[in-house]
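Here's a quick tour of a protein model, starting with its rings and then moving out to the fold and the surface. Have the viewer open as you read.

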Amino acid sequence: MSGNLRRSPSMHKRTMGPKDYIGSNDSEDNAELLENGLEQDTTSPPWKLSLPHVLVATLVPFLFGYHLGVVNEPLETISVDLGFHGNTLQEGLVVSTCLGGAFVGSLISGWIADEVGRRRAFQLCALPMLMGASICATAKSLTGMLLGRFLVGTGLGVGPPVASLYVTEISPAHVRGTYGSFIQIATCLGLMASLSIGIPVRSSFGWWRVCFWVSIVPASMLALLMMFCDESPHWLYKQGRIAEAEAEFEKLLGGSHAKVAMVELSKSDRGEEVDNVKLVELLCGRHSRVVIIGSTLFALQQLSGINAVFYFSSTVFRRAGVSSNLANVFVGLANLIGSTIALALMDKLGRKALLLWSFFGMAVSTVLQVLATASFISTSIGFYLSIGGMLLFVLMFAVGAGPVPALLIPELVPSRIRAKAMAFCMSVHWVLNFLVGLLFLRLLDRMGPQLLYSMFGTFCLMAVVFVKRNVLETKGKSLQEIEIALLPQE
């Protein structure tokens, strides 16, 4: 990582903007330079230069997973200590308030990322997580716990969209999918860490406070280490800081590839203004189709029932005579194995193929869940089908439906609206996440498991059709190549 963050004042002056850069190079010169650059060096950019920056960025999804799971085991103990034990509504608020905060954070994440840059956005998202975790750890009442959870959620809402943007924009094209898979793996590791740390909560008085204090360590590391990371060249270029953008490309891709990256960036930019991107432009503008595709992918991801399966897993395992701790281990391992498969295949099979197979595999797993409740299936076989179907569902989700949307959307969306479009898509994710978690148990009671899992399977099959018809494969392509390919015809 680069520690040379203090640049001379002249480099920070907006002396030449993207329009000026484009104007100084006609299309023939750009094409010639690009051609010559490719002839001089046909190798892929070294991946080791950008890897440290990607690893720092994955602290955000690690915290995301940790805070989503941190109240899983300790919730009962928290409710006893803070005086709301037995009140299911208040217990539910401890979980869902974090999701509400995340929705609020996601709405402003695009504005923050565009105004202060990706690096500063990371540091800003760490602040409410530090404050919120401290308030939760020292809470004496339900009010204090809810305030802390809301602040943590606000940071979680800002962080993941920025992490997806940053990883996408600093990664070489040939490993961008692999690096994007790190986000899902980090989320999985964060969730497993929170569940593991929560194990002693029933035997050690006040241990739940320790669970919240622990989260301060990765949040502090994020704020500190981001001081030494490089800024996104794409954001610098949009700010008119051309020299700095090229310098960052040299650090991230190597000097021989920086010129080519700059030429590609100038060709895709076309001198468009970056200010005042409004919601109506995201939904009705010239790039609305890719924004709608991204939002739909996140919607189908949540409507597949993945969070409902997570919420219901402990109950299914307990019915089979398996402890909840062991159930969490099984689900965590399935998630980790699937994420590792995605890591290996993302840049080989491609995003679209993984999405198709992932949603199809999830649909198959819901069939197993439905069969498990059929009257002609014996009790013992039903348990095995239910557990096997659940683990297969989690495994297949982690292979594609989990990691791909967060990577694919920043790839598809043009640079000019990338941050705000990602924020809008993530807000869709949080709303549906909240609704599925809120309504699942009630729907389960009224519809029964057969009808409910059939509904989830139907959404998975709808996702297969949607991906087949609408999603563009982005494997191995630069962000500029993708943007030019999707650019509406004048």
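Rings of Phe, Tyr and Trp (for Trp, the six-membered ring) count as a pair if their centres lie within 6.5 Å; planes under 30 degrees apart are called stacked, over 60 edge-to-face, and the rest tilted. By that rule, the structure holds six aromatic pairs. Two of them are set out here.

| Pair | Geometry | Centre to centre | Angle between planes |
|---|---|---|---|
| Tyrosine 179 and phenylalanine 182 | tilted | 5.6 Å | 40° |
| Tryptophan 208 and phenylalanine 212 | edge-to-face | 6.2 Å | 90° |

A word on ground rules: this is a predicted model, where local features need pLDDT of at least 70 and side-chain atom pairs count only at pLDDT 80 or more, while totals for chains, interfaces and linings use all residues. Numbering runs from 1 along each chain as its sequence is written, and side-chain values use heavy atoms, leaving out hydrogens and water.

Tyrosine 179 and phenylalanine 182 sit three residues apart in helix α10 (residues 176-197), so about one helical turn separates them. Helices here are DSSP runs of H or I with at least four residues, strands are E runs of at least two, and both are numbered from the N terminus. Tyrosine 179 is buried at 3% relative accessible area, and phenylalanine 182 also counts as buried, at 18%. For reference, buried means under 20%, exposed over 50%, and partly exposed in between (1.4 Å probe, protein chains only). Tryptophan 208 and phenylalanine 212 are four residues apart in helix α11 (residues 207-214), about one turn, and both are buried.

Zooming out, the protein chain has 24 helices and zero strands. Buried residues make up 56% of its 490 residues. Among contacts (heavy atoms within 4.5 Å) with a separation of 6 or more, 84% link residues 24 or more positions apart.

Where does threonine 97 lie? It is in helix α7 (residues 88-116), buried at 14% relative accessible area. A polar atom of its side chain lies 2.5 Å from the backbone oxygen of leucine 93. Beyond neighbours within four places in sequence, threonine 97 touches Leu146, Arg149 and Phe150.

Leucine 326, in helix α19 (residues 324-345), is partly exposed at 38% relative accessible area.

Conventions:
A polar contact is a pair of N or O atoms within 3.5 Å; within protein, one must be able to donate a hydrogen and the other to accept it, and residues adjacent in sequence count only if both atoms are side-chain atoms.
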